Amino acid sequence: MNSEVSPVFLPDTNPLEVTVLVFSGASLMCVASTIDPMRAANRVSGSTLFTWKIVSLDGEPAMMTCGLPIAVSGSFDTSEKGGMLLVIGGFGTSDIARTTFTANLRRAVHNYQMIGGIEAGSWLLGRAGLLAGRKATTHWEDMEEFTAEFADSDVRPDRYVIDGPVFTSGGASPTFDLMLHLIRSRYGMSVALDVASVFIYDEAHTSSDAQPLVSLGRLDDVHPKLAGAIRLMEAHIDAPLTVGAIARRCGLSARSLEKIFARAVGEGPGRYYLRLRLKVARRLITDTRSPLADIAARTGFSSAAAFTRTFRNFEGKPPSAFRPNH
């Protein structure tokens, strides 16, 4: 974390004024993870620790990916002042980031003690030049493209990153962690624990915990060897390990690992590993313009031909059929 600490994260009994700017295409869970911890903090403390308002770019309700509209109190006003500005983006945010909004965002940032980009909101902060020279993160699906576009930032695979007056968060669950950290920093551990208890939430993470490709939930407790094997797989997508090598690193025989996967997952580790690589490949095909040869290399295939053949066997269609506007 940068040595420059925002006053927002220092002990303070005064209410924090928060503006939440929501874009259509955002996740309802990201919005809830942002607002509900503040609501709960007010409730459990019996006082007003947070005040907030939800706005959109044009003052119209923001439509979430699940089809539900989020009511807003008005349009984003760059002249207003507050303690924290939170920008929640999602699908389509990359296009918005190329409009004059980024210039407005640069002007507005001086009116807040803290500005945060949540999920695709980090792209807006980056396009506005607010991440230059700072540590940052975004959702794991966009990490490689985000790193390439914002080469002047120190992009990390962390759940959330706070760097001075700017923070970025990778998604809904990391945002909940971040809000708990904010509550704990300002109002104390007791309030933060009470808020976590409201949501029966006991999986708090540190900011630097890596975002996984596969969310294992409590699998670490139930099947620690299986969890370890999956973590090894997702860490070696571009240069796949053999099943034997994975088993040895987990302290197992290959036969034991096969049995664990068959019992818990319903398929062998080799097939699961291949599906995981193809899942990453499919996302790169649909969400980026990377050539198929590059995608093949990034997902551990020796050639584009081998990749295409394997992909077709699993998906029933060639990779090119999944390109947008195909």
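This tour moves through the structure in stops, each naming what to select and what is found there.

The structure is a predicted model, in which local features need pLDDT of at least 70 and side-chain atom pairs count only at pLDDT 80 or more, whereas totals for chains, interfaces and linings use all residues. Residues are numbered from 1 along each chain as its sequence is written, and side-chain values use heavy atoms, with hydrogens and water left out.

**The sheet**

Begin by selecting the six strands of the open sheet, whose order is β2-β1-β5-β6-β10-β9 and whose pairing is mixed. Helices (H or I, at least four residues) and strands (E, at least two) are DSSP runs, numbered from the N terminus. Two strands pair if DSSP finds at least two bridges between them. The edges are formed by β2 (50–55) and β9 (160–163); each has a single partner strand, so one side of each is left without a neighbour in the sheet. On average, neighbouring strands of this sheet are turned by 15° against each other, direction ignored. Axes here are lines fitted to C-alpha atoms, for helices over the stretch in contact, and angles run from 0 to 180 degrees between N-to-C directions.

Next, select β6 (112–119). Is this strand enclosed or open? Seven of the eight residues of β6 are buried, so the strand is largely enclosed by the rest of the structure. Buried means under 20% relative accessible area, exposed over 50%, and partly exposed in between (1.4 Å probe, protein chains only). Seven bridges connect β5 with β6, and the two run parallel; G89 stands opposite E119 in β6. β6 also pairs with β10 in the parallel sense, over four bridges, and G117 has T168 in β10 as its bridge partner.

Continue to β10 (residues 166–169), which is joined to β9 by four bridges, the two running antiparallel. Here I162 has F167 in β10 as its bridge partner.

**Helix α1 across the sheet**

Select residues 28–45, helix α1, which lies across β1 (16–22), β2, β5 (82–89) and β6, and runs at about 155° to β2.

**Helix α7**

Select residues 189–198, helix α7, in which V191, A192, V195 and A196 are buried. Down the axis of α7, these residues fall within an arc of 135°, so they line one face of the helix. The arc is that of the directions from the helix axis to the C-beta atoms. Among the elements covering the buried residues are α1 and α6 (172–187). The face turned away from the buried side carries the exposed residues S190 and S197. After α7 comes I200, with a positive phi near 50°.

**Helix α11**

Select residues 254–264, helix α11, and highlight its buried residues L257, I260 and F261. They cover an arc of only 95° around the axis, which puts them on the same side of α11. These buried residues pack against α9 (224–235), α10 (243–249) and α12 (269–287). Which exposed residues does the face turned away from the buried side carry? They are R255 and R263. G266 follows α11 and has a positive phi, near 90°.

**R283 in helix α12**

Finally, select R283, which lies in helix α12. R283 is buried yet has no salt bridge, a salt bridge being a side-chain nitrogen of Lys or Arg within 4 Å of a carboxyl oxygen of Asp or Glu. The nearest side chain of opposite charge is E145, 4.1 Å away; Lys and Arg count as positive and Asp and Glu as negative, while His and the chain ends are not counted. Leaving aside its neighbours within four places in sequence, R283 is in contact (heavy atoms within 4.5 Å) with W140, E141, D142, E145 and T288.
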